[in-house]
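Me: I would like to go through a structure one feature at a time. Please give the general idea where there is one, then the case at hand.

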Amino acid sequence: MALSVTSRPRRNRTADKQVPVLTALRRQIIAGDLSPGDKIPTCDQLHRQMGVSKMTVHRVFDQLARDGFLTSQGSRGTFVSERPPHLHRYGLIFPYRPSGVNVWSRFYTALAGEARKIETERNLKLPFFYDTMSHVDEHGDYARLIQSVQSHCLAGLIFGAQPGQLQGTPVMQEAGLPRVAVMHPSTVLSGVSSVYPDLRGFYARALEWLASRGRQRVAVISVGYYYNDRQFITEQATKFGMMTGPQWIHKILTGDGEAGALARLLMHGRAEDRPDGLIIADDNLVEDTTAGIAAAGVRAPEELDIIAHTNFPNPPSSSLPLKRLGFDARQVLEACIERIGQQRQTKKELKPVLLPALFEEEIGQRTAVMAERHASVLEGHTASPI
């Protein structure tokens, strides 16, 4: 028998019947009509109200429970979760997965580590999504991210880098979902707020510290993907009575031994002709750079003061004594979470958040204050939010 030309693939009728019930219940929870802790209608009530079978309602309950919206309390009934995902689950998106080929930057490592701590300390969820920026893993994390977005299972998205490659995808088009990225304020993406380490502030504080040490000749080693304003550095050095110049301000593209070789060149020659202060403006370069300085036979801090960028709380190793100045990964995540909350409360475009550069001892002081506040919260005191 010939097949009819009007034949179509069979649809999953059971799944089709679940959609209106699933959508209605989820919409009521997200809109606040059903608040955390509220008891929802029984299976019998919903099967009569929605005109679907009890089995369909059971499957809807199971799906919403898997997504984190509902919890069953046995004979007491089914309730809205106390911490539903649309209020307490933040997707943390990395451009690639750490591997032997793609070694993670120290920033991503610090960010991931602090996310796990925040999950425990603040009872939040921060699931990781990898390989999404260039859609490398379309059937893995990218598909999982889209499913989470379209199921309204996220309070917001936190991008570890600017998400320009995701423009035009469901990840960026879903309405009402707050988005924040760790990206330079000059990057403008509709609906995406910017949280960014203040790198000009980093240079200013680094130069001020070197000036306080009596240094007069300053060099800078940075990398291609960091903001590096030579004019700003030169002006700030002049402000503090120091000298620098194009021959001492270098931006390299890789860390595969290049930083160490450059350091040896900078340290070549007579002491009075070479830099007596050095800013390493990327923590991925610290180990290689200080090894190059040590190989050149330059003593620190006697002949050279070094100030090194750090993504706290993961300081890079160093062959020489140095001063650490940088940014707190915990503070970055907290600023992103706070900005998502602000986006939920307003439709206005929000100004970029610039995070201050902090010295290692300042990070320690901040950590102590945070621990004290956290302890107060656990004791039931009314401490201000971290």
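Me: In which loop does Val52 lie?

Reply: This is a predicted model. Val52 lies in the loop between helix H2 (43-50) and helix H3 (54-67).

Me: Is Val52 buried or exposed?

Reply: Residues under 20% relative accessible area are called buried. Val52 has 12% relative accessibility, so Val52 counts as buried.

Me: Which residues does Val52 touch, leaving out those up to four places away in sequence?

Reply: Val52 touches Lys17, Val21, His47 and Val57. One of these, Val21, is 31 residues from Val52 along the chain, and the two C-alpha atoms are separated by 8.5 Å.

Me: Next, the nonpolar cores. Which residues of the largest one touch the most other members?

Reply: The largest here has 28 residues, and Tyr90, Leu92, Phe94, Leu111, Ile158 and Leu333 touch the most other members. Two or more residues of this core come from each of strand E3 (90-93), helix H5 (106-122), strand E6 (179-182) and helix H12 (329-345). Another core, of 23 residues, lies apart from it and includes Phe202, Ala206, Ala357 and Phe359.

Me: What is Tyr90 in contact with, leaving aside its neighbours within four places in sequence?

Reply: Tyr90 is in contact with Leu124, Lys125, Leu126 and Pro127, with Leu154, Ala155, Gly156 and Ile158, and with Ile337 and Ile340.

Me: At what angle do H5 and H12 pack?

Reply: The angle is about 65°, and the axes of H5 and H12 are 8 Å apart. Their crossing is right-handed. On the H5 side the residues are Phe107, Ala110, Leu111, Glu114, Ala115, Lys117, Ile118, Glu121 and Arg122; on the H12 side they are Ala329, Arg330, Val332, Leu333, Glu334 and Ile337. By type, nine residues of this contact are nonpolar, none is polar and six are charged.

Me: Now the charged pairs. How many salt bridges does the count come to?

Reply: Side chains of opposite charge can pair when their charged atoms come close. The cut-off used here is 4 Å from nitrogen to carboxyl oxygen, and the count comes to 17 salt bridges.

Me: Which residue forms a salt bridge with Arg116?

Reply: Glu119 does, with the closest N and O atoms 2.9 Å apart. Arg116 and Glu119 both lie in helix H5, three residues apart, which is about one turn of the helix. Arg116 has 39% relative accessibility, so Arg116 counts as partly exposed.

Me: Is Asp305 buried or exposed?

Reply: Asp305 is buried, because its relative accessible area is 3%. Its side chain meets that of Arg213 in a salt bridge of 2.9 Å, N to O. Asp305 is in strand E11 (residues 305-312) and Arg213 in the loop between H8 and strand E8 (218-223), 92 residues apart. Arg213 counts as partly exposed, at 42% relative accessibility.

Me: Which residues are linked in a network of salt bridges?

Reply: Arg97, Asp141 and Arg144 are linked in such a network.

How values were computed: Residues numbered from 1 in each chain as written. Predicted model: local features only at pLDDT ≥ 70, side-chain atom pairs only at ≥ 80, totals over all residues. Heavy atoms only, no water. Core = buried A, V, L, I, M, F, W, Y, C linked by side-chain atoms within 4.5 Å. Buried < 20%, exposed > 50% of the residue type's maximum accessible area, 1.4 Å probe, protein only. Helix = DSSP H or I, 4+ residues; strand = E, 2+ residues; numbered from the N terminus. Contact = heavy atoms within 4.5 Å. Axes fitted to C-alpha atoms, helices over the stretch in contact; angles between N-to-C directions. Left-handed = near helix turned anticlockwise from the far one by under 90°. Nonpolar A, V, L, I, M, F, W, Y, C, P; charged D, E, K, R; others polar.
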